[in-house]
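Work through the exercises below with the sequence and the model at hand. Each task is followed by a stepwise solution.

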Amino acid sequence: MSFQKLIEQKAYGLQADVVISYDGVPFLMHDSTLQRTTNIEDMFPELAFEHSSMINWTDLERLNTGQWFLNTDPFWTVSSLSPSDYFEAGNQSICKLADMLQLAKENNTVVLLNFQALPKDHPHRSTYMNITLQTILASGIPQQLVMWLPDSERQLVRQVAPGFQQTSGDKTNARLLRDRDIRGLNLRYTKVTSEDIREYNAWNLSINLYTVNEAWLYSILWCARVQSVTSDASHLLSKVSYPIWLLPPDEYYLIWITSDLVSFTVIIGIFILQKWRLGSIRTYNPEQIMLSAAVRRASRDVKIMKEKLIFSEINSSMDNSEDLSLCSESRYDGYSNEVITPMDHPDVRT
């Protein structure tokens with residue numbers, strides 16, 4: 001089903017890992033065991049930890065390989081499935097190599113094949129390459145659509161199927177690859193640089209990089225003249241009809257540095273403004289603040305306090321004074337802080 005969906009999205013090719021069953025049937029499986037992607041623990045619990053190649057095809061074809069996808073939703077796509085697709089996905093079984101080749105042949109689609117190493121006690125360990133070649137040739141798929149990745153028995157493969165695209169998974173010198181009649185490379189994208197890509201292109205070597213699931217990374221590799229990528233997110237990359245616009249490094253650095261300088265200037269400006277606004281404010285300790293509040297009472301309250309003090313002094317001195325008067329034409333204009341003292345001459349007033 002996944003291969004069919006890829007073809008509907010106009011994918012350039014299909015990639016798969018090939019394994020030979022115990023009874024000699026080539027099938028597709030990425031993991032070494034079947035625990036993660038099948039229901040083998042329910043169907044054949046005694047075989048759950050066996051290498052997938054150590055099981056007969058008659059048992060393999062009975063396993064369900066779709067329910068794990070619906071249950072785990074590894075690519076967050078289950079919710080987008082129609083009811084019919086959901087039902088179909090939940091009832092998938094292990095795919096034979098012959099079935100994939102037939103689909104690729106009908107749609108003129110490239111296939112990239114890799115192989116799992118077989119256990120030492122596998123009955124077809126020494127003949128699995130011949131079995132695989134016979135299956136490919138019997139399918140009738142054009143040889144130029146097959147990208148052959150394994151290094152083992154490469155000379156035999158060239159003799160039996162000279163039209164295969166010989167592809168290497170090792171990063172090495174471009175001249176050496178051409179001398180070995182290698183036409184393409186299949187590498188992890190983290191292992192190559194732009195200089196490597198330019199060199200391989202100069203030697204007319206096609207490049208396929210894996211695993212690329214982000215549109216921005218896809219755009220960068222596109223601009224770098226990478227011929228193809230392997231992806232788990234073809235439903236996203238198929239919508240990228242042209243490279244996403246990206247800033248050149250110099251422009252990115254210019255914007256970054258300018259933003260930093262503007263931010264720094266704004267912060268310094270705010271600091272200077274605040275310092276100017278608060279520059280005239282004096283600092284006080286708590287005792288000074290209390291004293292200042294007491295001294296700055298309203299002038300009316302201060303006058304009343306002074307009047308009370310003066311009258312208290314007058315009353316206490318009336319017993320010893322013969323004549324003491326305090327006059328004002330209309331009101332008390334104010335009082336001195338000096339103490340009023342009786343004089344010897346009664347006509348003298350203070």
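**Exercise 1: an annotated span**

UniProt, in an unreviewed entry, places the feature "transmembrane region" at residues 253-273; UniProt positions follow the numbering used here, feature names are shortened, and annotations may be inferred rather than shown by experiment. The model is predicted, with local features needing pLDDT of at least 70 and side-chain atom pairs counting only at pLDDT 80 or more, while totals for chains, interfaces and linings use all residues. Residues are numbered from 1 along each chain as its sequence is written, and side-chain values use heavy atoms, leaving out hydrogens and water.

Task: State the helix and strand content of residues 253-273.

Solution. Helices (H or I, at least four residues) and strands (E, at least two) are DSSP runs, numbered from the N terminus. The span is 100% helix and 0% strand. Its end C-alpha atoms lie 30 Å apart.

**Exercise 2: an aromatic pair**

Solution. Step 1: rings of Phe, Tyr and Trp (its six-membered ring) pair if their centres lie within 6.5 Å; planes under 30 degrees apart are stacked, over 60 edge-to-face, the rest tilted. The whole structure has eight aromatic pairs.
Step 1: ring pairs link Phe115, Tyr128, Trp148 and Phe164 into a cluster.
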